[in-house]
Amino acid sequence: MENNLSVHMPRIEDFLSLYSKENTRRGYRTSLRHFFDVVYRNERVNDDSHYETLAERYIQELEKKSRKLENDMLLFAAALSKNAPITARARIAAVKEFMLRNGYDFSPVLVRDMRREIPKGYAQT
């Protein structure tokens with residue numbers, strides 16, 4: 001989980017600006033908000049600046065090694081256990097992409113452990 005990049009993108013809006021589709025931006029924004037709500041045990045608020053502050057704080061805590069990404073991702077995956085399987089996987093993917101953009105990669109072991117936490121199955125038609 002070492003941060004190897006010199007360029008960080010802790011601002012959520014900067015990260016979202018990489019995506020041209022509004023639905024992608026909306027889904028990623030919701031996923032990141034949910035992640036920070038779970039990690040910091042917050043109630044959902046409708047305030048972009050609140051989540052920007054949490055994102056910056058989170059990246060700083062990772063850099064200082066006062067937080068462990070592995071623990072937080074497993075906590076988040078467990079919190080998604082009541083979601084539909086595709087929703088849970090999409091939320092994990094959004095947070096994973098945000099962390100990758102900030103220089104934090106996921107080990108294969110962490111990915112496997114997260115898969116165990118989220119619901120099994122696919123969309124039913």
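The model is predicted, so please keep its ground rules in mind: local features need pLDDT of at least 70, side-chain atom pairs count only at pLDDT 80 or more, and totals for chains, interfaces and linings use all residues. Residues are numbered from 1 along each chain as its sequence is written, and side-chain values use heavy atoms, with hydrogens and water left out. The protein chain has six helices and zero strands, where helices (H or I, at least four residues) and strands (E, at least two) are DSSP runs numbered from the N terminus.

**The overall plan**

- Reading along the sequence gives the pattern α-α-α-α-α-α.
- The protein chain has 125 residues, and 39% of them count as buried. Buried means under 20% relative accessible area, exposed means over 50%, and partly exposed is in between (1.4 Å probe, protein chains only).
- Among contacts between residues at least 6 apart in sequence, 65% join residues at least 24 apart. A contact here means heavy atoms within 4.5 Å.

**The nonpolar core**

- A nonpolar core is a set of buried Ala, Val, Leu, Ile, Met, Phe, Trp, Tyr and Cys residues joined through side-chain atoms within 4.5 Å.
- The largest such core has 34 residues, and the members that touch the most others are Phe35, Phe36, Tyr58, Met73, Phe98 and Met99.
- At least two residues of this core come from each of α1 (12–16), α2 (22–39), α3 (48–63), α4 (69–79), α5 (85–101) and α6 (108–117).
- Take Phe36 as an example: leaving aside residues up to four places away in sequence, Phe36 touches Ile12, Arg41, Asn42, Tyr51, Leu54, Ala55, Tyr58 and Phe98.

**Aromatic pairs**

- The structure holds ten aromatic pairs. Rings of Phe, Tyr and Trp (its six-membered ring) pair if their centres lie within 6.5 Å; planes under 30 degrees apart count as stacked, over 60 as edge-to-face and the rest as tilted.
- Phe15 and Phe98 form an edge-to-face pair, because their ring centres are 5.3 Å apart and their planes stand at 80°. Since Phe15 lies in helix α1 and Phe98 in helix α5, this pair ties together parts that are 83 residues apart in sequence. Both Phe15 and Phe98 are buried.
- Phe36 and Phe98 also make an edge-to-face pair, because their ring centres are 6.4 Å apart and their planes are at 85°. Here Phe36 in helix α2 is linked with Phe98 in helix α5, 62 residues apart. Both Phe36 and Phe98 are buried.
- Ring pairs also build a cluster from Phe15, Tyr19, Tyr28, Phe35, Phe36, Tyr40, Tyr58, Phe76 and Phe98.

**The cavity**

- On a 1 Å grid over the protein atoms alone, a cavity is a set of points where a 1.4 Å probe fits but cannot get out, and its lining residues have an atom within 4 Å of a point.
- The structure holds one cavity of 30 Å³ or more, and about 50 Å³ of space lies in the largest cavity. Grid points are joined across faces, edges and corners, and a volume is the space filled by probe spheres set on the points.
- Ile12, Glu13, Arg29, Arg33, Asp48, Tyr51 and Glu52 line the largest cavity. The elements giving two or more residues to this lining are α1, α2 and α3, with the largest share, three residues, coming from α3.
- By class, the lining of the largest cavity has two nonpolar, no polar and five charged residues. Ala, Val, Leu, Ile, Met, Phe, Trp, Tyr, Cys and Pro count as nonpolar, Asp, Glu, Lys and Arg as charged, and the others, Gly among them, as polar.

**Loop residues and a helix neighbour**

- Arg41 lies in the loop between α2 and α3. Its phi is near 50°, a positive value in a residue other than glycine, and Arg41 is exposed, with a relative accessible area of 69%.
- Lys65 is found in the loop between α3 and α4. Phi of Lys65 is near 65°, again a positive value in a residue other than glycine, and Lys65 is exposed at a relative accessible area of 60%.
- Phe106 is found in the loop between α5 and α6, yet Phe106 is buried, with a relative accessible area of 7%. Phe106 and Lys96 are ten residues apart in sequence and 7.6 Å apart in space, C-alpha to C-alpha.
- Leu69 lies in helix α4 and is buried, with a relative accessible area of 2%. The C-alpha atoms of Leu69 and Phe106 are separated by 8.7 Å, although the two residues are 37 residues apart along the chain.

Terms used:
1 Å grid on protein atoms, 1.4 Å probe; cavity = no way out; pocket = protein on both sides within 12 Å on 5 of 7 lines; lining within 4 Å.
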